[in-house]
Protein chains: 2
Amino acid sequence: MSAHLYAVILAGGSGTRFWPLSRHLYPKQLLRIMGDDTLIQQTMRRVLGSVDPGRVLISTNPAQAESIRVQLGEWKDRLEGNFVIEPEGRNTAPAIGLAALEVVRRDPDGVMVILPADHVVKGEARFQAAVRLGATLAEAGHLVTFGIKPIRPETGYGYIQPKRAPRLGKEGKLAGYPVARFVEKPDARTAARYLKAGTFYWNSGMFVWKAATILEEIDKHQPALGRGLGRIKQLLDAGASRSDIDGLYRGLPSVSIDTGVMERSAHAAMIPVDFQWSDVGNWSSIEEVAPQDQAGNVINGKVVDLDSRNSIIYADRRLVATIGLSDMVVVDTPDATLVCPKERSQDVKKVVEILRKQKAPEQLEHLTVYRPWGSYTILEEGSGYKVKRVTVNPGGRLSLQMHHQRSEHWVVIAGTARVTRGEEIFDLVVGQSTAIPTQTRHRLENPGREILHIIEVQNGPYLGEDDIVRFQDDYGRNVKR
Amino acid sequence: MSAHLYAVILAGGSGTRFWPLSRHLYPKQLLRIMGDDTLIQQTMRRVLGSVDPGRVLISTNPAQAESIRVQLGEWKDRLEGNFVIEPEGRNTAPAIGLAALEVVRRDPDGVMVILPADHVVKGEARFQAAVRLGATLAEAGHLVTFGIKPIRPETGYGYIQPKRAPRLGKEGKLAGYPVARFVEKPDARTAARYLKAGTFYWNSGMFVWKAATILEEIDKHQPALGRGLGRIKQLLDAGASRSDIDGLYRGLPSVSIDTGVMERSAHAAMIPVDFQWSDVGNWSSIEEVAPQDQAGNVINGKVVDLDSRNSIIYADRRLVATIGLSDMVVVDTPDATLVCPKERSQDVKKVVEILRKQKAPEQLEHLTVYRPWGSYTILEEGSGYKVKRVTVNPGGRLSLQMHHQRSEHWVVIAGTARVTRGEEIFDLVVGQSTAIPTQTRHRLENPGREILHIIEVQNGPYLGEDDIVRFQDDYGRNVKR
């Protein structure tokens, strides 16, 4: 394993293609699509075969960082300081540039393997071998991509054609080659020809290169971006404030690393990899990664089905009954349900677009929202009231806070609650309750060893999450000073 | 209008065919399938064109009577004493026989028009004309059925072929004829032949006859049933207890009025009626009665649809997104969702059968349950707790009650609550709350003019609705003495 190797997990995502299971604030990487781990947890475990957790950088945005921290809580201490936060999405080149600055800061000879957080890979050992070979080629100055052998005439991916020679390096059965050309998403006929030719590979979006090399190549092919990154480096070195750096970042050109740098570089190389891969691009691609029953169905949750075939049926705790479906997708969540033929899966994003324009909450987040201290679930919202179940992990506590416009009632339904209300501090057990008046400082804490569940009833003219004044917070969130 | 005319609304139903909108305790007649009224409300309004509300008898069972009383609350005072309750379903002949005993008791010359509570009729004036002609023929001793002109080769209905002569009576364009023969549900080929022949009619299940005549015909063709009804009459005349009468009723033979009496009678007559009729037998038949959009869809509730055709999409407050559906049924309710092709609509009852065997709550009732004082909605149930929103109508109050195994917390979210707790009585307004310990007598009442809403959080080892001891009840429900 290279002594200089770092991993960068690209964890952004818009949450449109797996709606209603994914949401704007809860994109695909956070979903448990197959197995016990979410996709970002799977990605984390995968890179740990190549690097130590202290060398894994997470590239994400402020809205998603908290959920990612919760999901990667197992490695919390080692990941401390490893989040590279984009203040807003500017496509892949600025995000990778920002991560590269951090890698160079830690190790001028650092090599970075870049992995999207929401891909599925099967074949751990073969993946690690590809990373090893990639690192070797990267240290020799190549910009390495992993090419996937096509198994269908896919029109949704870019393709890469490698040169046959020279062979740039070898690791077991794997070898790397210079790239002859990149091809943008082809039409169906071209894709079929590529599949038949056997000399084209899917661009997986996984890369390996030296951080210094990619920064040089950005300077060369995207000079405006290169200058911007240079100024950010100066600010970072000078210990500038977060907001100054964020302001600069927002002004960077929005460029993809593929079209902006890779396709223009003289150093692009490709390793035809031999592990199984899927980017699980939409609901119909679930079949590539999830087990099917004898009738070809992928069925999850509380489903009663009669005679369906080749369908994808995702339920949760609500009952979904299906009869005689064929090649359909049915996805049920607590607040929204999707029904469409598999062949229309890619149009789910059109539905999300409509919902976004309507500012519908169903595109933004789930009824259950995860927080560093636990989670809350909205049970019902109506005029002047909101009912939540709040779950606090053992030892967890919410911020010391106050609301201007709402009072809250708390009833403990499991565990023990330590309540701060004004100047008082007291404990409540199951079946006990308390009321928190408007404009009263309060805090909810779980002093016990089991999970605390309370029902919270809010009353007031305005019940938005932003009516909150925080006085102290264990998790470093905005606090009033 | 006949001075002797009574209406009998047959309001039973198993709630299987419109699941998940219908439930065992909430069958089709209680649904708002089209328009502002539920089907039983529509049926009630329809018969009021022919009879006074005091002459409308409701034939139903104990489980459904309360919901029907709530829905027919507009005529509450006039319907007092008009519920003819079967202790258990014994098919149509015993139910009609029991109603006939009540009609004869009120008027020995009483004529009864019998209407299923869950059919849709369009053409009020033509319906009233058919009832008038039916009553005239009934007074002359005929057992009259309404025949519907077939519009498709339906295999789900019985057919009736009338004789061409003699014409038994006339009212405008309508005339009645003796029945030549009844035919049970035919096969597809026979149904197609009947449709083509033009001399066969669908048996609508609506009847008109003298109560005394149908009792005589039951005696003649179903002597065991006749004897049973005779004994029930004796008990009723003697002022016997409800339970004695119920015991006798349970022993009556289960016979349909069609096969058991009509098909054997020499007095069967048929009026070919000219109003529009549907028995809305399953989800696909919704199209016969509900308005369709330009693409042939029937869409209700919070639906975002792209490109669907000829589909039936019923949502409520949850979001349902559909893309490119063709001839599908999607029905979403707070606790269950159904997805099936229209052509499989009749198999919904198979799903309900599976759920019944699993004792699944989703086949029994909805999360919202209506009571004489208002309603409650289960927001969430979990181990050791249940959260409800309870709605109390102005002036309504729940029984004075006690629970052995659960405590309750009430938070007022709208209106004013008058609370009895042990010996105390006090009022709570929005944002106020109280706790009711286990084994404490309590009562919730709405003393105000607006609807009262509270959130109730229950805690305890057992949270079934049957853990209730009632000390006083305004609505005559079981009270501990």
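In this predicted model, Glu380(A) and Arg389(B) form a salt bridge whose closest N and O atoms lie 2.4 Å apart. The interface of chain B and chain A holds eight salt bridges by the rule applied. Polar contacts across the interface link 30 residue pairs, counted where both residues have pLDDT 80 or more. On the side of chain B that touches chain A, strand β18 (residues 336-341) of chain B gives the largest share, with six residues. Sorted by class, this side of chain B comprises 29 nonpolar, nine polar and 13 charged residues.

The size of an interface is often expressed as the accessible area lost when the parts come together. Here, chain B and chain A bury about 4000 Å² between them, and 64% of that area is on carbon and sulfur atoms. Three residues, Leu319(B), Ile323(B) and Val339(B), contribute 16% of the area that chain B buries against chain A, more than any other three residues. In terms of contacts, 51 residues of chain B meet 51 residues of chain A.

Strands in a sheet pair through backbone hydrogen bonds, in either a parallel or an antiparallel manner. In this model, strand β16 (residues 319-323) of chain A runs parallel to β18(B), and four bridges join them. Within this pairing, Val320(A) has Thr337(B) of β18(B) as its bridge partner.

The pairing of β16(A) with β18(B) belongs to an open sheet of six strands, ordered β14(A)-β16(A)-β18(B)-β17(B)-β15(B)-β13(B), in which the pairing is mixed. At the edges stand β14 (303-306) of chain A and β13 (298-300) of chain B; each has a single partner strand, so one side of each is left without a neighbour in the sheet. On average, neighbouring strands of this sheet are turned by 5° against each other, with direction ignored.

Notes. Residues numbered from 1 in each chain as written. Chains lettered and ligands numbered in written order. Predicted model: local features only at pLDDT ≥ 70, side-chain atom pairs only at ≥ 80, totals over all residues. Heavy atoms only, no water. Contact = heavy atoms within 4.5 Å. Buried area = accessible area lost by both parts, 1.4 Å probe. Salt bridge = Lys/Arg side-chain N within 4 Å of Asp/Glu carboxyl O. Polar contact = N/O pair within 3.5 Å; in protein donor to acceptor, adjacent residues only side chain to side chain. Helix = DSSP H or I, 4+ residues; strand = E, 2+ residues; numbered from the N terminus. Nonpolar A, V, L, I, M, F, W, Y, C, P; charged D, E, K, R; others polar. Pairing = 2+ DSSP bridges. Axes fitted to C-alpha atoms, helices over the stretch in contact; angles between N-to-C directions.
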